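Q: Could you walk me through how the pieces of this model pack together? I'd like the conventions spelled out as we go.

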Amino acid sequence: MIRVENLVKSFGGFLAVDHASIEIATGSITGLVGPNGAGKSTLFNVIAGVHAPTSGRVTMDGEDITGLTPHQLFHKGLLRTFQIAHEFPTLSVRENLMMVPEGQSGETLWNTWFARGRIRAEEAALRAKADDVLDFLTISHLAEEKAGNLSGGQKKLLELGRTMMVEAKIVFLDEVGAGVNRTLLNTIGDAIVRLNKERGYTFCVIEHDMDFIARLCDPVIVMAEGKVLAEGPADHIMENEAVIEAYLGTGLKNKVVAEDAAEAAAGEDLGAQPGLGDHAGKGDAT
Amino acid sequence: MEVINALVALTNYVIIPATAYGAQLALGALGVTLIYSILRFSNFAHGDTMAFGTAVVILITWGLQAMGITFGPLPTALIALPFGIAVTALMMLGTDRVVYRYYRRIRAQPVVLVMVSVGVMFVMNALTRFLIGVDQINFADGERFIISARTWNQMTGMREPLTLRTTQAITVVTAAITVAALFWFLGRTRTGKSMRAFSDNEDLALLSGIDPDRVVKVTWVLTAALATIAGTLYGLDKSFKAFTYFQIVLPIFASAIVGGIGNPVGAIVGGFIISFSEVGLTYAWKKVAGYLVPAWEPDGLVQLLSTDYKFAVSFVILILVLIFRPTGIFRGKVV
């Protein structure tokens, strides 16, 4: 379980995350939603070790992991994908996957020349594993393709595949749906659900597509202006007035309502924040 | 017949020397490109690393010669080369530990690392001169020619001379072997793939089973090997003088940038473009022109540029490439 306690992150004078406390239960697919600039990605980056928090604490299964580097977190089984998919463009898709596990014998110059047999055996095992992963993700036909030539959605699948090459405990997915077509998004969604069910992965997903979130995630955490606004099952969240006002109104309701809400939000300014918090409390209770 | 004479003269004075020089530049540019793509800075100390490596090779060569060990018709320096590489590699790892590592830790901007490498360059330069002096040193021994002017004349009966020096042939053969080994390493081995992965996407490499410190170390070892080989070949072919290696940084960077910095194939192609331009533009074409246009008796040497200006050639090519195609021929990466 990941527990974030009273996390604050400010950049200069700008408070990106404002005393946020969340929990990601083991075995869950937790959704993290909110309008642009709500602080989701910053919260993500702090948990994933990209930024050090200004104050607050992050623990994983009770162990304090605040301020560890991404590299160290990777070794602890906390993996992440990126909003814009990262890959090694000049390596093939299979090689991209084979890069993931650590401590391979072939990493040293000495072994490269003098332990060829051991390396070959290890590589064969890794290769088989990578092919299994590609099969799972239904992209076996792309194994030899240079990763740089993949489409945005295929790269997202590849990123998901990376997490399967090691024993991941928890995977943070940053906007898996961004720039991905519907069909591929469903493939990704299926893969996430299967990984969760069959392999017991815990996921935390940032996503703007509410259908996707509603289908996959329970619970859903809503953030706005750096604060945690509400938390609960997807259908409850979507009925929560404060949430609709802060975020969903711009997406789910029709355009006129959205504009009204935006004007209202602009008019109310920061003074409205405590009020929103109250609403959020009620939302949780229902 | 005149055309063949012209061809022989061209081969003798342009093609053979430029090919040997191009191979040396290519190896140098590969070292620069490797550091650039993996450690992400322009390593101006590379020329002096070559000088240091060569100086070590020369000292070992002298030691071997004193013990009476030679390599038959081949230069003794080739036996000394692996030891020279080992010493230079230790030197590089030491430099990294003492100097560069700190700047990586604080995540310094590339331009800061470039300045740091300039500092390292001066230190290496001074160290080399302490080690072996400032004089010109000729350390090529063994058979001097594969084809001397006389054998050529006996072989073909041609008046126009053609010579192929042992060092020129060794340069090209060694460079070819080195490049093949390097490409095999980068393309096929796990360590090589880690290096490419690290070069492709450092952030992601940190989130993989790639040990960044090890990638950095291997990069320095490979760079040391490339620098020592390139420097030794250059020294065998021409002669060794610490200061020449300081100057050679310009054509080496020009080669790397023309080909596309960060791209190994580009470094090799760039090396040959620079060498052929340099040799071609500074060669006195009078003889070749005389063969091809018999009626024409040129007054001058038909030399486009005096050899004193040979570095200007690299400079001009460098500037043109940076203006019109900054990524180079093979689309290198620009940090």
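A: To start with a convention, helix axes are lines fitted to C-alpha atoms over the stretch in contact, and angles run from 0 to 180 degrees between N-to-C directions. Helices (H or I, at least four residues) and strands (E, at least two) are DSSP runs, numbered from the N terminus. This is a predicted model, in which local features need pLDDT of at least 70 and side-chain atom pairs count only at pLDDT 80 or more, while totals for chains, interfaces and linings use all residues. Residues are numbered from 1 along each chain as its sequence is written, and chains are lettered from A and ligands numbered from 1 in the order in which they are written.

Q: OK, at what angle do helix H11 and helix H12 of chain B pack?
A: Helix H11 (residues 249-259) and helix H12 (residues 264-282) of chain B pack at about 125°, and their axes are 7 Å apart. That angle makes H11(B) oblique to H12(B), given that under 35 degrees counts as roughly parallel, over 145 as roughly antiparallel, 65 to 115 as roughly perpendicular and the rest as oblique.

Q: And which residues of H11(B) and H12(B) meet?
A: Among them are B:Pro251, B:Ala254 and B:Val258 in H11(B), and B:Ile268, B:Ile273 and B:Glu278 in H12(B), where contact requires C-beta atoms, placed from the backbone, within 7 Å. The residues of this contact divide into nine nonpolar, five polar and one charged; Ala, Val, Leu, Ile, Met, Phe, Trp, Tyr, Cys and Pro count as nonpolar, Asp, Glu, Lys and Arg as charged, and the others, Gly among them, as polar.

Q: Where do H3(B) and H9(B) stand, then: how many degrees do their axes cross at?
A: The axes of helix H3 (residues 77-105) of chain B and H9(B) cross at roughly 140° and come within 8 Å, which makes H3(B) oblique to H9(B). Residues meeting there include B:Leu81, B:Ile85 and B:Met92 in H3(B), with B:Trp220, B:Ala224 and B:Ile229 in H9(B). By class, the contact of H3(B) with H9(B) has 14 nonpolar, five polar and two charged residues.

Q: Switching to chain A, are H6(A) and H7(A) parallel or antiparallel?
A: Helix H6 (residues 152-164) and helix H7 (residues 182-199) of chain A have axes that come within 10 Å and cross at roughly 10°, which makes H6(A) roughly parallel to H7(A). A:Gly153, A:Lys156, A:Leu157 and A:Leu160 of H6(A) make the contact with A:Leu184, A:Thr187, A:Ile188 and A:Ala191 of H7(A).

Q: What's the strand order in the chain A sheet?
A: The open sheet of four strands runs S2-S1-S4-S5 in chain A, with antiparallel pairing; two strands pair if DSSP finds at least two bridges between them. Strand S2 (14-24) and strand S5 (63-64) of chain A are the edge strands, each pairing on one side only. Strand S1 (residues 2-11) and strand S4 (residues 55-60) of chain A are joined by five bridges, and A:Arg3 has A:Thr59 in S4(A) as its bridge partner. Helix H1 (residues 40-47) of chain A packs on this sheet, touching S1, S2 and S4 of chain A, and its direction makes about 115° with that of S1(A).

Q: Last one: how many residues of chain B are in contact with chain A?
A: 20 residues of chain B are in contact with 23 residues of chain A. Helix H7 (190-200), helix H8 (202-206) and helix H9 (212-237) of chain B each supply at least two residues of the chain B side, and H7(B) gives the most, with seven residues.

Terms used. Contact = placed C-beta atoms within 7 Å.
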